[in-house]
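Here is a briefing on the structure shown below.

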Amino acid sequence: MTVLREVLRRPQGAFGAGWLLLVAVAAVVSRWWTPQDPFRVDPYSAWQGPSPEHLFGTDAIGRDVASYVMAATGTTVLVAVASAAVALLLGVALGALGALTARWVRETVVVLVDVLVAFPTILVAMALAAVFGGSLGVVVVAVGIGYGVAIARVSRSELRRVATTDYVLAARASGLGTAAVLRRHVLPNAAPVLVVQVSLAMATSILAEAGLSYLGYGAPASVASWGRLLSDLQPFVGTHPWTVAWPGLAITLTVLAFNLLGDALRDAGDPRLRTRRRATRRSPAAPTGRTAP
Amino acid sequence: MTRFVLGRTLLLVVGLLLASVLIFGTLRLLPGDVAQVIAGTEGTASQVAGLREQLGLDRPLPVQYLDWLGGLLRGDLGASLVTGTPVAGEVLDKLAVTLPLAGLSLVVGLVVGVPLGVVSALRHRRPSGVAVSAVSQFVAAVPAVWMGMLLIAVLAVGLGLLPTQGFPIDGWAEPGRAFRSLVLPALTIGLVEGAVLLRFTRSAAIGALREDHVVAGAARGQTLARSLVRHGLPGVLLSVVSVLGLQIAGLLVGAVLVEQLFALPGVGRMLVADVGRRDLTKVQGELLALTGLVLVVGFVVDVVHRALDPRLRERTP
């Protein structure tokens with residue numbers, strides 16, 4: 001709970017957590033209720049400006065943009081959670097293989113991960129889409145693999161660090177098996193690093209979902225998606241730039257929230273930064289950029 | 001150095017081989033049978049069998065793979081399943097758009113990211129520096145597609161400065177016109193990647209401000225800014241170079257989305273269309289070209305970084 005308090009104490013963390021809570025609530029509520037039916041086409045009320053009835057106005061075929069943007073939060077949350085879960089499983093599995101096994105296995109895995117980390121996620125997604133057709137599942141698997149390898153790279157060194165500590169040695173000496181050591185000692189102690197990665201994986205997955213849905217290989221037409229809305233609105237960007245701003249802002253703020261939350265989690269997990277007086281010799285942590293979507 | 005380059009070359013070769021196996025495997029081993037896909041759902045069993053023989057798909061997979069790999073080494077990526085034209089030639093044609101786009105985006109990214117990153121580091125305790133940092137944090141989260149649409153709305157439609165979409169049909173015959181069509185797409189990718197570079201530069205420069213040689217420069221009476229630029233900048237630029245490989249990979253991939261948005265005839269847009277048509281040989285070639293490019297760029301950046309950084313020079317053990 002200290003970590004949570006530390007995160008919320010920082011403005012970035014508070015914004016990130018707050019916005020994501022809002023998105024999560026919207027995702028749940030939109031399963032049962034949105035202000036209007038997000039898919040109702042009504043050509044007579046196309047391109048209306050913002051009004052109490054249509055908060056964000058309507059698009060070219062008279063859909064209520066606010067309802068559509070709200071309905072799409074469900075897609076976003078689903079994809080983010082599923083991709084992060086796949087990435088975490090794959091990343092920790094590969095990381096553990098690269099950190100805790102016999103030397104030749106370790107080194108093979110390290111080389112493999114070093115090579116795979118250069119493969120852009122969107123190309124993995126396109127390869128899968130060519131075979132299976134586009135779907136949200138393709139997005140999840142592609143981001144899961146793409147970011148999973150990145151997590152493997154980060155988690156390997158952290159797992160290795162924890163695995164060589166005295167308390168792990170003591171646990172091993174007292175006869176605990178590898179799996180039990182991993183579960184009881186290594187993973188809990190590596191968790192702070194992994195949590196940061198999960199947050200960043202979710203940011204990546206949102207950009208990837210938006211990009212692939214924009215290309216037509218993500219969410220199907222029956223599912224609301226911010227990326228798909230961007231592609232629907234593209235022909236009208238010159239005449240109605242403000243309507244395009246809603247899905248654009250929604251994606252940006254959510255990605256930003258995950259990035260900031262990731263930063264705050266990292267800072268909160270760093271005991272050197274936890275003191276009142278900000279540590280003077282703070283080593284420059286690599287900023288969270290985004291990996292290639 | 002030689003040892004490093006040799007090791008890194010080995011890694012590149014392993015990477016390229018692995019990429020070829022994975023791409024080939026994904027497009028062949030998985031349930032989508034190429035012949036079935038071409039024949040379509042209404043194709044009869046004999047048609048499918050005929051196609052399979054015609055395309056050599058009835059041979060064992062390793063043989064097919066080695067055959068493809070052999071062609072690859074001779075610069076032959078096979079022929080399109082839909083049009084029958086050689087894939088390698090088309091990919092090369094399209095690279096004439098994608099590579100300049102990536103290069104121009106990189107220039108934009110560096111020109112925006114590095115100077116602003118240094119300035120925001122110098123002012124990191126003042127409101128102006130914090131503002132620059134906050135804006136970069138925001139821009140780094142903007143999806144490239146929306147960034148492109150905003151630029152179209154403002155610079156192309158609003159101010160009428162640049163063409164909204166498309167590329168001259170005769171390619172680079174008129175360099176000026178072709179260049180103008182690449183400006184908005186390059187700004188789109190460059191601004192987003194520039195924001196990421198800015199954040200890297202900023203955190204490296206803030207670290208450099210505390211380094212002894214920069215502090216010493218300031219102690220000798222130089223302004224902090226001057227001392228940072230004279231003594232700290234080389235180190236800062238080196239750490240920028242070290243992340244550049246990943247950033248360039250991002251540029252090439254961003255090209256897939258941005259080429260679609262701006263209707264540019266590049267490799268990315270061709271890939272998107274071919275995925276839709278299920279032209280698997282072409283997709284295979286395009287994926288390999290793009291992945292290979294990313295791997296080679298990563299290799300070059302790593303070697304350059306190693307050569308530039310005196311701290312990494314080999315010490316006699």
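## Helix H6 of chain B

The model is predicted.

- Helix H6 of chain B covers residues 127-139, which makes 13 residues.
- From first C-alpha to last, H6(B) reaches 18 Å, close to the 18 Å expected at 1.5 Å a residue.
- Which residues of H6(B) are buried? They are Ser133(B), Ser136(B), Gln137(B) and Val139(B).
- Seen down the axis of H6(B), the buried residues fall within an arc of 170°, so they line one face of the helix.
- An α-helix has 3.6 residues a turn, so residues three or four places apart point the same way.
- What do the buried residues of H6(B) pack against? Their partners are H10 of chain A, plus helix H5 (87-122) and helix H8 (175-209) of chain B.

**H5 and H10 of chain B**

- The axes of H5(B) and H10(B) come within 9 Å.
- They cross at roughly 145°, and the crossing is right-handed.
- On the H5(B) side, the contact is made by Thr98(B), Leu101(B), Ala102(B), Ser105(B), Leu106(B), Gly109(B), Val114(B) and Leu122(B).
- H10(B) contributes Leu224(B), Ala225(B), Leu228(B), Val240(B), Gln247(B), Ile248(B), Leu251(B), Leu252(B) and Ala255(B).
- By class, the contact of H5(B) with H10(B) has 13 nonpolar and 4 polar residues, and no charged ones.
- Val253(B) is also found in helix H10 of chain B.
- Val253(B) counts as buried because it has 26 C-beta neighbours inside 10 Å, and the cut-off for buried is 20 or more.
- Val253(B) and Pro143(B) are 110 residues apart along the chain, yet their C-alpha atoms are separated by 13 Å.

**Where chain A touches chain B**

- In the contact between the chains, 41 residues of chain A meet 48 residues of chain B.
- Four helices of chain A each supply at least two residues of its side: H4 (103-116), H5 (121-132), H8 (178-215) and H10 (241-269).
- Which helix gives the largest share of that side? H5(A) does, with 9 residues.
- The chain A side divides into 30 nonpolar, 8 polar and 3 charged residues.

**Chain A as a whole**

- Chain A has 10 helices and 0 strands.
- Along the sequence, the pattern is α-α-α-α-α-α-α-α-α-α.
- The C-alpha atoms of chain A fill a box of roughly 75 × 50 × 35 Å, taken along the principal axes.
- Of the 293 residues in chain A, 51% are buried.
- Take the contacts in chain A between residues at least 6 apart in sequence: 70% of these join residues at least 24 apart.

**Points along chain A**

- Helix H7 of chain A, residues 166-173, is hardly covered. How many of its 8 residues are buried? The count is 0.
- Gly175(A) follows H7(A) and has a positive phi, near 100°.
- Leu187(A) is found in helix H8 of chain A.
- Leu187(A) counts as partly exposed because it has 16 C-beta neighbours inside 10 Å.
- Leu187(A) and Ala201(A) lie 14 residues apart in sequence, and their C-alpha atoms are 18 Å apart in space.

**Positive phi in chain B loops**

- Ala263(B) has a phi near 50°, a positive value in a residue other than glycine.
- Where is Ala263(B) placed? Its place is in the loop between helix H10 (224-261) and helix H11 (267-277) of chain B.
- Ala263(B) has 13 C-beta neighbours inside 10 Å, so it counts as partly exposed.
- Arg278(B) is not a glycine either, and its phi is positive at about 60°.
- Arg278(B) is found in the loop between H11 and helix H12 (280-308) of chain B.
- With 19 other C-beta atoms within 10 Å, Arg278(B) is partly exposed.

How values were computed
Residues numbered from 1 in each chain as written. Chains lettered and ligands numbered in written order. Predicted model: local features only at pLDDT ≥ 70, side-chain atom pairs only at ≥ 80, totals over all residues. Contact = placed C-beta atoms within 7 Å. Nonpolar A, V, L, I, M, F, W, Y, C, P; charged D, E, K, R; others polar. Buried ≥ 20, exposed ≤ 12 C-beta atoms within 10 Å, placed from the backbone. Expected span 1.5 Å × (residues − 1). Arc of directions from axis to C-beta. Axes fitted to C-alpha atoms, helices over the stretch in contact; angles between N-to-C directions. Left-handed = near helix turned anticlockwise from the far one by under 90°.
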